[in-house]
Amino acid sequence: RPEHWEAAIRVLKYLKGTRLLSLVLGGHNTLQLTGYSDSDYANCPDTSRSIGGYCYDLGSGVVSWSSRKQRTVADSSCYAEYIALHDASHEVVFLRQLLSGLQLLPPKATTLHCDNDAASKLTEDHVWHSRVKHIRVKYHYVREQVLNGEIIVQRVRSSDNTADIFTKPLGRSDFQRLRQHLGLRSLETMDT
């Protein structure tokens, strides 16, 4: 249909316009694993499911990322963000094990940034049980990782949440700013 053709043309224009971008790893930043988690609450018009995303950088470039429709319909933005944190916590455990095997694991817990206060507090606060009984037990995995000292969930302003690029359409300036946070650099500026 015409709208599919237009979407395909838009993708091709984007690819043509970004052909000089490259993911840059290494540099002067310390070797620190840092994560960002985000969700766009009830974004799907057909299923009302949220889009969840996360990314992890190791120094100066993103080494792991994900963006996908969540499997469960969340009935609040807190729940959607908590599900995104759950998915991100599985990835951080894998990345920490990988870094440990390479003898590159930083000694302290990995910081995982989240822009939702309620979801962040839910990872640490056991008093909230009466308000969140509807949240499936499996999503409390992230709380267990916080208690074990593997993860520190930290508040980040929504405008500084790198995972925002994976969960919703953004304006050009926000998209380009967050794209740079991913470690994408223009080949033209790298040569100079």
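User: By class, how many nonpolar, polar and charged residues does the lining of the largest pocket have?

Analyst: In this predicted model, the largest pocket holds about 580 Å³ of space and is lined by 15 residues, with R10, Y14, L170, R172 and F175 lying nearest its centre. Sorted by class, the lining residues are six nonpolar, four polar and five charged.

User: Which helix supplies the largest share of the lining of the largest pocket?

Analyst: Two helices, α1 (2-17) and α5 (172-181), each contribute at least two residues to the lining of the largest pocket. With five residues, the largest share comes from α1.

User: Which strands stand at the edges of the open sheet, each with a single partner strand?

Analyst: The open sheet has five strands with mixed pairing, in the order β4-β3-β2-β5-β6. The strands at its edges each have a single partner, so one side of each lacks a neighbour in the sheet; these are β4 (62-69) and β6 (151-155).

User: What angle does the direction of helix α2 make with that of β2?

Analyst: Helix α2 (residues 77-101) packs on the sheet, where it touches β2, β3 (51-58), β4, β5 and β6. The direction of α2 makes with that of β2 an angle of about 155°.

Conventions: Residues are numbered from 1 along each chain as its sequence is written. This is a predicted model: local features need pLDDT of at least 70, side-chain atom pairs count only at pLDDT 80 or more; totals for chains, interfaces and linings use all residues. Side-chain values use heavy atoms; hydrogens and water are left out. On a 1 Å grid over the protein atoms alone, a cavity is a set of points where a 1.4 Å probe fits but cannot get out, and a pocket is an open set with protein on both sides within 12 Å along at least five of seven lines; lining residues have an atom within 4 Å of a point. Grid points are joined across faces, edges and corners, and a volume is the space filled by probe spheres set on the points. Helices (H or I, at least four residues) and strands (E, at least two) are DSSP runs, numbered from the N terminus. Ala, Val, Leu, Ile, Met, Phe, Trp, Tyr, Cys and Pro count as nonpolar, Asp, Glu, Lys and Arg as charged, and the others, Gly among them, as polar. Two strands pair if DSSP finds at least two bridges between them. Contact means heavy atoms within 4.5 Å. Axes are lines fitted to C-alpha atoms, for helices over the stretch in contact, and angles run from 0 to 180 degrees between N-to-C directions.
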